[in-house]
Amino acid sequence: MAYLYLKAFHIIFVMSWFAGLFYLPRLFVNLAMAGEGAEYDRLLLMARKLYRFMAPLALLALALGIWLWLGFGFSGGWLHAKLALVAGLIGYHLYCGKLYRDFAARRNHHSHVWYRFFNEIPVLVLVAVVLLVVVKPF
């Protein structure tokens, strides 16, 4: 029974983290299109609050995932591939923090189009992770 609760809460925190990973780059799209002024400041505040909210969600998702892995002994090539994708997501999350800091310092170097493509990365990772976990192809 503990396994089912751990798995349920892991999925809840992963979904919540992904919601942030989907929305924060969308805010970056809007920031890249906004001129200086109240709109920029409002979007920047939203991005800061969202990024700070996402960090505990990510940590809880990771902690529960590690607990599931070590406590219930999953193994296989699919798990190694999933862990590599999760490591990439952590890097993506941290890079979002760098991008936020660039916007806060008024040093954005990317266009709104670049952010639109950047915004699709977590979608692709999510599809790959779900397929790996459900299908376990190797």
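Which residue, with a positive phi near 65°, follows helix 2? The residue is Gly73. The points below set this residue in the context of the whole model.

1. **Basis of the note.** This is a predicted model, in which local features need pLDDT of at least 70 and side-chain atom pairs count only at pLDDT 80 or more, while totals for chains, interfaces and linings use all residues. Residues are numbered from 1 along each chain as its sequence is written, and side-chain values use heavy atoms, with hydrogens and water left out.

2. **Overall architecture.** The protein chain contains five helices and zero strands, and its pattern along the sequence is α-α-α-α-α. Helices (H or I, at least four residues) and strands (E, at least two) are DSSP runs, numbered from the N terminus. The C-alpha trace spans about 50 × 25 × 15 Å along its principal axes.

3. Of the 138 residues in the protein chain, 34% are buried. Here buried means under 20% relative accessible area, exposed means over 50%, and partly exposed lies in between, with a 1.4 Å probe and protein chains only. A contact means heavy atoms within 4.5 Å. Among contacts between residues at least 6 apart in sequence, 78% join residues at least 24 apart.

4. **Helix 2 and helix 3.** The expected span of a helix is 1.5 Å times one less than its number of residues. Helix 2 has 35 residues and should therefore span 51 Å, in agreement with the 51 Å between its end C-alpha atoms. Helix 3, with 28 residues, reaches 41 Å from its first C-alpha to its last, close to the 40 Å expected.

5. **The nonpolar core.** A nonpolar core is a set of buried Ala, Val, Leu, Ile, Met, Phe, Trp, Tyr and Cys residues joined through side-chain atoms within 4.5 Å. The largest such core has 33 residues, of which Trp17, Leu24, Phe28 and Leu31 touch the most other members. Two or more residues come from each of helix 1 (2-33), helix 2 (38-72), helix 3 (77-104), helix 4 (112-118) and helix 5 (121-135). Helix 2 gives the largest share, 12 residues. In soluble globular proteins, nonpolar side chains tend to be buried together.

6. **Contacts of Phe28.** Not counting residues up to four places away in sequence, Phe28 touches Ala47, Cys96, Leu99, Tyr100, Phe103 and Tyr115.

7. His93 lies in helix 3 and counts as buried because its relative accessibility is 6%. Beyond residues up to four places away in sequence, His93 touches Trp17, Leu21, Tyr51, Met54, Ala55 and Ala58. Asn119 is placed in the loop between helix 4 and helix 5, and its 13% relative accessibility also makes Asn119 buried. With neighbours within four places in sequence left aside, Asn119 is in contact with Leu21, Phe22, Pro25, Arg26 and Tyr92.

8. **Positive phi at residues other than glycine.** Arg106 has a positive phi of about 60° although it is not a glycine. Arg106 is found in the loop between helix 3 and helix 4, and is partly exposed, with a relative accessible area of 39%. Lys136 likewise is not a glycine and has a positive phi, of about 50°. Lys136 is in the segment after helix 5 and counts as partly exposed at 41% relative accessibility.

9. **The largest pocket.** About 730 Å³ of space lies in the largest pocket. On a 1 Å grid over the protein atoms alone, a pocket is an open set of points where a 1.4 Å probe fits, with protein on both sides within 12 Å along at least five of seven lines; lining residues have an atom within 4 Å of a point. Grid points are joined across faces, edges and corners, and the volume is the space filled by probe spheres set on the points. There are 28 lining residues, and those closest to the centre are His10, Val14, Lys82, Val129 and Val133.

10. **Make-up of the lining.** Helix 1, helix 2, helix 3 and helix 5 each supply at least two lining residues, and helix 1 gives the most, with nine. By class, the lining has 23 nonpolar, two polar and three charged residues. Ala, Val, Leu, Ile, Met, Phe, Trp, Tyr, Cys and Pro count as nonpolar, Asp, Glu, Lys and Arg as charged, and the others, Gly among them, as polar.
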